[in-house]
Amino acid sequence: MYCRNCGNEVSEKAVMCVACGTPPNAGNKFCPNCKAETTPGATICMKCGVALKADNPVTGESKDWLTALLLCIFLGGLGIHRFYTGHTGIAIVQLLTLGGCGIWALIDLIMIIVGSFKDAKGNLLVKK
Ligand SMILES: [Zn+2]
Ligand SMILES: [Zn+2]
């Protein structure tokens with residue numbers, strides 16, 4: 001991909017552009033796909049049609065695995081770990097049913113332990 005700030009070619013996984021020192025996704029001047037200049041605020045590249053999103057890389061907002069685990073162990077019956085991970089709707093249902101009489105909380109606990117629990121945005125929990 002290309003740096004959205006200066007158009008320099010950067011690795012897909014790069015957290016920072018070596019040429020200009022900003023996160024490659026932070027800029028809004030160049031298309032990451034074809035390097036064409038884009039207007040700030042554009043949501044799509046006029047040249048290649050790729051979607052342009054200036055905002056947060058997926059990794060920035062991941063929830064903490066240990067926090068979710070502890071919340072699930074101690075307050076799982078109240079769905080607190082679901083509030084924490086952003087599943088507010090499910091959390092309210094769990095709160096009203098006391099974690100599906102404990103079974104739902106237990107399933108969530110197992111999913112958190114094996115590392116397959118995802119937050120509301122679909123990101124896996126991160127072990128810090
Ligand atoms: Zn750059
Ligand atoms: Zn493009």
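1. Basis. Residues are numbered from 1 along each chain as its sequence is written, while chains are lettered from A and ligands numbered from 1 in the order in which they are written. In this predicted model, local features need pLDDT of at least 70 and side-chain atom pairs count only at pLDDT 80 or more, totals for chains, interfaces and linings use all residues, and side-chain values use heavy atoms, with hydrogens and water left out.

2. Donors here are N, O and S atoms within 2.8 Å of the metal (3.2 Å for Na, K and Ca); water is not among the atoms, so sites may look incomplete. For reference, the ideal angle for four tetrahedral donors is 109.5 degrees.

3. Helices are DSSP runs of H or I with at least four residues, numbered from the N terminus. Cys17 is buried, with a relative accessible area of 0%, whereas Cys6 is partly exposed at 30%. Buried means under 20% relative accessible area, exposed over 50%, and partly exposed in between (1.4 Å probe, protein chains only).

4. Cys31, Cys34, Cys45 and Cys48 coordinate the zinc ion (ligand 2) through their SG atoms at 2.2 to 2.3 Å. The angles among the 4 donor atoms are 104 to 114°, and the site is tetrahedral. The donor spacing is C-x2-C-x10-C-x2-C. Cys34 and Cys48 are each in the segment before H1, so the pair ties together parts that are 14 residues apart in sequence. Cys34 is partly exposed at 22% relative accessible area, and Cys48 is partly exposed at 34%.

5. Backbone angle at Lys35. Lys35 is not a glycine, yet has a positive phi of about 70°. Most residues other than glycine have a negative phi. Lys35 lies in the segment before H1 and is partly exposed, with a relative accessible area of 43%.

6. Nonpolar core. The largest nonpolar core consists of 8 residues: Trp65, Ala68, Leu69, Cys72, Leu109, Ile112, Phe117 and Leu125. Such a core is a set of buried Ala, Val, Leu, Ile, Met, Phe, Trp, Tyr and Cys residues joined through side-chain atoms within 4.5 Å. H1 and helix H5 (103-114) are the elements that give two or more residues to this core, and H1 gives the most, with 4 residues. Ile112, in helix H5, is buried at 0% relative accessible area.

7. Nonpolar surface patch. A surface patch with about 1,000 Å² of accessible area together includes Leu66, Phe74, Phe83 and Leu98. Patch residues have over 30% relative accessible area and no salt bridge, with like charges joined within 9 Å and nonpolar side chains (Val, Leu, Ile, Met, Phe, Trp, Tyr) within 5 Å. Accessible areas come from the Shrake-Rupley method with a 1.4 Å probe; for residues, only the protein chains shown count as cover. H1 gives the most to the nonpolar patch, with 5 residues, and both H1 and helix H3 (88-96) supply at least two. Leu70 in helix H1 is partly exposed at 40%. Leu95 is in helix H3 and is partly exposed at 36%; the C-alpha atoms of Leu95 and Gly77 are separated by 6.9 Å, at 18 residues apart along the chain.

8. Salt bridge. The count comes to 1 salt bridge, defined as a side-chain nitrogen of Lys or Arg within 4 Å of a carboxyl oxygen of Asp or Glu. Asp108 pairs with Arg82, and the closest N and O atoms are 2.9 Å apart. The pair links distant parts of the chain, with Asp108 in helix H5 and Arg82 in helix H2 (residues 80-84), 26 residues apart. Asp108 is buried at 1% relative accessible area, and Arg82 is buried at 9%.

Definitions and conventions: Tetrahedral: all angles 85-135°; square planar, octahedral: opposite > 155°, others 65-115°.
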